[in-house]
Amino acid sequence: MIALLIRDLRLAMRAGGGFGLSLAFFLIVVVLVPFGVGPEMGLLSRIAPGILWVGALLACLLSLDRIFALDFEDGSLDLLATSPLPAEGIVTIKSLAHWLTTGLPLVLMAPVLGVLLGLPERGYYWIIVSLAVGTPALSVIGTFGAALTVGIKRGGLLLSLLVLPLYVPTLIYGAELARRGTQGMDTSTPLFMLAGITCAVTAMLPFASAAVLRINLR
Amino acid sequence: MTMRVTNLSVSRGGRTLLEGVTFDVAAGQALILRGPNGLGKTTLLRSLAGLQRPEVGQVDLAEDDAVYAGHADGIKSTLTVRENITFWARVFGTSDIAAAISMFALDDLVDRAGGMLSAGQKRRLGLARLMVTGRKFWMLDEPTVSLDHASVAQFATMIRAHLAAGGSAIIATHIDLGLGDDAQVLDLSQFRATTPKLHASEEAFL
């Protein structure tokens, strides 16, 4: 399993691995918003947590179809499915690798981009906390969507449509946590809800992902 | 007895392809599957490997014994030959890659990226993967595609060594590997499904 994780991380870092794609997209969204909304700092700093969350979510969405598609195309997925690794283990490692190459960099980049949006000082802490707690759920749910659409040519559109509604609860509580934290309000409710979503999907969805992966490999 | 297949039916795309497939493969034996294109050789091998469920029938095989090699070799183009083969060795819990590398004359290519290999070199790497798995039962789907004569001979040597060491293999191939008495030939045409049934409900569900 460690071997699979190391391989996936290595593949992501090499040329064509798509490591930079999500980050570049996140950067572009956040840089463009002030141009679109106008230079009014009060408005920008008010919407900054929400923009950062939506940007991170879309950046995450962009990289989902790589989770299984490349392995499916070159036959590795068939070989992995017949290897000693359990399917549940494969999808868990795939989610983890996706989070390490997409979610974690987004968490680290968000405060830097917060500067561009005039994020209030208190907000930096909460944007990191909310994204750190919420992005694992995005990776796990995304892996489920990728497993559902593996084998479909150009399945990216279908994948986005399937996954987007499942992302909504994470987005609502994540952005709410960041907003409340930024404004100095009580954060316990959205924090617990967000952590609950992440824990629940991490515990349950790998089994569903493994089941649909087996069906799709037939 | 390594493997016993009893009255197996396999289907693809909701259509039954083969019915009543029955055979045994003993340790040290190879089974060569023959039959025209589209008969269901690949589907049968995928069923035996556990990638898809057979409709009826039974496959008796120790779970940790088999390894499958399909049409695609599963080679990552941005990893080097050494990284590719080391990955599979670690997945199967082994570490000795030297024998596999030298068996298929990949020594000069170990530091080359997978994407830079020719089709035949990729196939050799895919076959070398079988040796690092340490599994006894090999299921090979057209293993000699894009290999030159020397590599086919090398492949036959590898299979003979594998059989001599008590392993077994099921090979779907159209060429004569010259395995002699160790190989039975099974013509799958005799199992061709006579009544192509459609499983509409299952397809609708999936």
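In what order do the five strands of the open sheet in chain B lie? In this predicted model, the order across the sheet of chain B is β5-β6-β7-β3-β8, and the pairing is parallel. Strands β5 (66–69) and β8 (183–187) of chain B stand at the edges with a single partner strand each, so one side of each has no neighbour in the sheet. On average, and with direction ignored, neighbouring strands of this sheet are turned by 15° against each other.

Within the sheet, strand β6 (residues 137–141) of chain B runs parallel to strand β7 (residues 168–172) of chain B, and five bridges join the two; B:M139 is the residue that stands opposite B:I170 in β7(B). Helix α5 (residues 149–164) of chain B packs on the sheet, where it touches β3 (30–34), β6 and β7 of chain B, and the direction of this helix makes about 145° with that of β7(B).

Chain A, by contrast, has nine helices and zero strands, and its pattern along the sequence is accordingly written α-α-α-α-α-α-α-α-α. The radius of gyration of chain A is 18 Å, close to the 17 Å that the globule rule gives for 218 residues, so chain A is as compact as a globular protein of that length. Further values for chain A are set out below.

| Property of chain A | Value |
|---|---|
| Box filled by the C-alpha atoms, along the principal axes | roughly 55 × 35 × 30 Å |
| Buried residues, as a share of the 218 residues | 49% |
| Contacts joining residues at least 24 apart, among those between residues at least 6 apart in sequence | 80% |

Key:
Residues are numbered from 1 along each chain as its sequence is written. Chains are lettered from A and ligands numbered from 1 in the order in which they are written. This is a predicted model: local features need pLDDT of at least 70, side-chain atom pairs count only at pLDDT 80 or more; totals for chains, interfaces and linings use all residues. Two strands pair if DSSP finds at least two bridges between them. Helices (H or I, at least four residues) and strands (E, at least two) are DSSP runs, numbered from the N terminus. Axes are lines fitted to C-alpha atoms, for helices over the stretch in contact, and angles run from 0 to 180 degrees between N-to-C directions. Two residues are in contact if their C-beta atoms, placed from the backbone, lie within 7 Å. The radius of gyration is taken over C-alpha atoms; the globule rule is 2.2 Å times the number of residues to the power 0.38. A residue is buried if 20 or more other C-beta atoms lie within 10 Å of its own, exposed if 12 or fewer, and partly exposed in between; C-beta atoms are placed from the backbone.
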